[in-house]
Amino acid sequence: MTAEQLISFARGAPSLDIVDLEGLKAAAIRAFDADPTGVTAYGPSAGYLPLREWIAQKHGVGADQVLVTNGSLQADAFLFDHLVRPGDAVVVERPTYDRTLLNLRRMGSELHGITIQPDGLDTSELRKLLESGVRPRLAHIIPNYQNPAGVTLSLTKRRELLDLAVEFGFTIFEDDPYADVRFRGEALPSMLSLDTHHRVVHASSFTKTVCPGVRVGYLVGPADLIADIAKKATSLYISPGMVSEAIVHQFCVSGDIDRSIATVCRALGERAQALAEALRRYLPEARFVEPDGGYFLWVELPEDVEVDRLAPAAAERGVAVVKGSDFVLDGGQHALRLAYSAVTVDQIDEGARRLAAAMAAVRG
């Protein structure tokens with residue numbers, strides 16, 4: 001492998017070898033054959049009804065509680081636009097998804113970052129914030145294999161968070177695109193499924209289990225909230241993409257989705273393990289929690305390693321990373337997010353070796 005070949009730990013996207021191209025092609029043909037009118041015409045703003053029904057069944061809700069969106073980020077944007085006003089307090093995890101921070105900042109939210117521990121959000125820290133008088137409109141939580149930290153919110157903390165939402169009157173936004181990408185451990189129940197007080201709105205996506213190009217995500221929440229957002233969506237785009245939503249529907253009802261998830265989990269499990277082993281080998285001072293699923297691993301580096309210097313030094317050596325400072329309101333100067341989803345096991349080992357060389361260079 002030459003130094004000119006870029007090894008990218010920067011992008012959370014699956015590599016082509018784990019995308020079921022044949023299954024998607026077959027699903028597309030079935031979609032046009034089964035419902036040519038529905039696929040080619042304008043559709044309801046809440047999304048392709050057969051797919052909404054499939055999602056509703058998966059989550060044990062009514063189809064009127066499901067809105068299909070252009071990826072889960074649009075689900076985020078719809079909910080933020082509907083619930084959050086400038087100056088509203090919003091709880092986010094520290095660290096959290098960089099685009100969530102950007103969107104909430106753009107809306108003029110008062111953001112409160114709560115520390116993430118190896119078992120997820122520090123609920124004791126959140127309780128102290130709430131008891132100090134802060135009244136958030138929303139708490140944005142990525143419960144499974146969190147982006148960027150890779151950790152999972154424990155069942156105990158899921159219940160504690162639900163109790164806090166009821167006690168202090170805020171909505172939990174359960175942003176959950178990675179739940180099915182699990183390589184180890186038992187699946188935990190979603191907060192949506194545990195919620196008896198209508199405090200949870202749930203979002204997910206087919207980006208990580210089918211492929212990013214389909215651009216199909218969804219929002220699950222109370223029927224009146226979904227109806228209100230669907231009205232706004234009508235004004236925005238009249239109709240969502242019926243073709244891609246119908247293809248995803250056929251991919252799901254055929255069982256191809258289950259085979260695709262198995263392929264993704266097997267490949268990413270190998271890659272996550274390889275990355276953890278390579279980091280232990282080449283960067284023994286690095287601290288991280290080895291993920292049980294998802295796409296990302298969060299690395300804490302020694303205090304004398306500034307990622308503002310490390311990232312360009314790594315790029316010079318043909319390896320791309322994302323600085324930890326992108327995922328927090330402040331700080332993160334000694335942390336990196338590494339995505340292992342689009343790199344082979346051989347590339348992972350070489351990429352970690354290059355990263356170690358870059359770290360040695362910036363430490364002088």
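A residue is called buried when its relative accessible area is under 20%, exposed when that area is over 50%, and partly exposed in between, using a 1.4 Å probe and protein chains only. By that definition, buried residues make up 56% of the 364 residues in this protein.

Colleagues, please note that this is a predicted model, in which local features need pLDDT of at least 70 and side-chain atom pairs count only at pLDDT 80 or more, while totals for chains, interfaces and linings use all residues. Residues are numbered from 1 along each chain as its sequence is written, and side-chain values use heavy atoms, with hydrogens and water left out.

I begin with the whole protein. Its secondary structure comes to 13 helices and 14 strands; these are DSSP runs numbered from the N terminus, with helices being H or I of at least four residues and strands being E of at least two. The radius of gyration is 21 Å, close to the 21 Å that the globule rule gives for 364 residues, so the protein is as compact as a globular protein of that length. That radius is taken over C-alpha atoms, and the rule is 2.2 Å times the number of residues to the power 0.38. Along its principal axes, the C-alpha trace spans about 60 × 55 × 35 Å.

Contacts, meaning heavy atoms within 4.5 Å, tell us how the chain folds back on itself. Among those between residues at least 6 apart in sequence, 75% join residues at least 24 apart.

Which order do its four strands follow? The order is 10-11-14-13, in an open sheet with antiparallel pairing; two strands pair if DSSP finds at least two bridges between them. Strand 10 (287–288) and strand 13 (322–323) are the edge strands, each pairing on one side only.

Let us cross the sheet. Strand 10 and strand 11, residues 296–300, are joined by two antiparallel bridges, and Arg287 stands opposite Glu300 of strand 11. Strand 11 then pairs with strand 14 over five antiparallel bridges, where Phe296 faces Ala339. Strand 13 and strand 14 share two bridges, again antiparallel, and Lys323 has Leu336 as its bridge partner.

Is strand 14 buried or exposed? Five of the five residues in this strand, 335–339, are buried. In a regular strand the side chains alternate between the two faces of the sheet. In strand 14, Ala335, Arg337 and Ala339 lie on one side and Leu336 and Leu338 on the other, and both faces are covered.
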